[in-house]
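Please look through the structure below before reading my notes. They are written for someone new to reading protein models.

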Amino acid sequence: MLAFSIVESDNKETCLYELLSGLCCSCRVQSVWIIGQTILWNLLKIDVNKLIFSDILGLVEKASQYKGTGYVPTGLCWNAGGIAPILFLGFFLEKRLILKIIIAVSAFLTQSATLTIGMSLCIVFMIVYNVSKMNVLVKCKKNISSIFAGLVLILIFLFVSYRSFGVIRQQFDRLWEVFSYRIDGLLNSSSAMDSSTSAHLGYFTNLPYALGHGSFANAFFGFGINCSGFPYSAVTGQYSDQVWIVECDFVNILLNFGIIGFLFFYVWLMGGVLNLREKGAIFYAFLVIAFMGITYNLQYIWLIFIELILFSKKVTSSEFSLH
């Protein structure tokens, strides 16, 4: 109802501008926070989330995430998957190259497979988008030379930093080890997978049994909103003592709403994404989010609210260009 009211309102342009500006602001905060977490932990061994949200404010018992590789920076969220959509959206909404680089660096620092693969796709899509607009950029030689000079300086800075600072080099080496380990676990059947990779792969291999756990009505219409963990726990015993949802969009939506609901949702989602293709590069962000639903559940309520607004045919290209 709120999304419909915004789209139909007389000050739609202002609302859209504020919405997109808010998304950019949120992305900047998350990116800076992740980089700050990384620096404080590697230099001073300070877990800033635990310090602020657990020790000082007492809001939660567990404010940080630790994996087999040790401490993991996750921004203002316990799990990096919770901020993946905002980083993908912010990457394409930001106009300045340096801010895009900061967002990309923060995504890789989380060691999240979802964010690592998703941000790599974002970079590829950005290159494809800019190449497709090259005929326009050629007319602005000054801008091209400035961008090229900026890229060269940034690459030199990263190379010098990598060679000079042991902490930074160690972090890059660790990121590569984690990423290559997970890829090897998926591609090589003889390689042992970590618990996270194994669990997420199991969401697909156990899906037929989870769907078959209920009745035909459950298979076609689902088990109910946020109930995907129920049939999955009944089959595997995973988190059997908790209320939870499967951490994969495809499986979560299929178990929640059934085959019919799944088809309706993704027909709507792809239709909305295609409607955005003439309104700038942001439509690539939603492509990435839809694809990364394979590895995590990213279709949160706040994201669906934004999709309802941006996918509307009443939102014009000129209103996007105001941002």
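1. Basis. This is a predicted model, in which local features need pLDDT of at least 70 and side-chain atom pairs count only at pLDDT 80 or more, while totals for chains, interfaces and linings use all residues. Residues are numbered from 1 along each chain as its sequence is written, and side-chain values use heavy atoms, with hydrogens and water left out.

2. Helix H4. Helices here are DSSP runs (H or I, at least four residues), numbered from the N terminus. The buried residues of H4 pack against helices H2 (12-44), H5 (97-109), H6 (113-132), H15 (282-292) and H16 (301-310). Leaving aside neighbours within four places in sequence, Phe88 is in contact (heavy atoms within 4.5 Å) with residues including Met119, Ala285 and Leu298.

3. Cores. A nonpolar core is a set of buried Ala, Val, Leu, Ile, Met, Phe, Trp, Tyr and Cys residues joined through side-chain atoms within 4.5 Å. The largest has 53 residues, and Leu87, Phe88, Met119, Phe286 and Leu310 have the most contacts inside it. H15 gives the largest share of this core, nine residues. A second, separate core of 12 residues includes Tyr203 and Phe223.

4. Salt bridges. How many salt bridges are found in the whole structure? The search finds three, a salt bridge being a side-chain nitrogen of Lys or Arg within 4 Å of a carboxyl oxygen of Asp or Glu. Lys314 and Glu8 meet at 2.6 Å, N to O. This pair links distant parts of the chain, 306 residues apart, with Glu8 in helix H1 and Lys314 in the loop between H16 and H17. Glu94 and Arg28 also meet at 2.6 Å, N to O. Glu94 lies in the loop between H4 and H5, and Arg28 in helix H2. Glu94 is buried because its relative accessible area is 5%, whereas Arg28, at 37%, is partly exposed. In the Lys50 and Asp55 bridge, the closest N and O atoms are 3.2 Å apart.

5. Surface patch. Phe216, Phe220, Phe221, Ile259, Ile260, Leu263 and Phe264 make a nonpolar surface patch of about 790 Å². Patches are made of residues with over 30% relative accessible area and no salt bridge: like charges are joined within 9 Å, nonpolar side chains (Val, Leu, Ile, Met, Phe, Trp, Tyr) within 5 Å. Accessible areas come from the Shrake-Rupley method with a 1.4 Å probe, and for residues only the protein chains shown count as cover. H14 supplies the largest share, four residues.

Technical notes. Helix = DSSP H or I, 4+ residues; strand = E, 2+ residues; numbered from the N terminus. Buried < 20%, exposed > 50% of the residue type's maximum accessible area, 1.4 Å probe, protein only.
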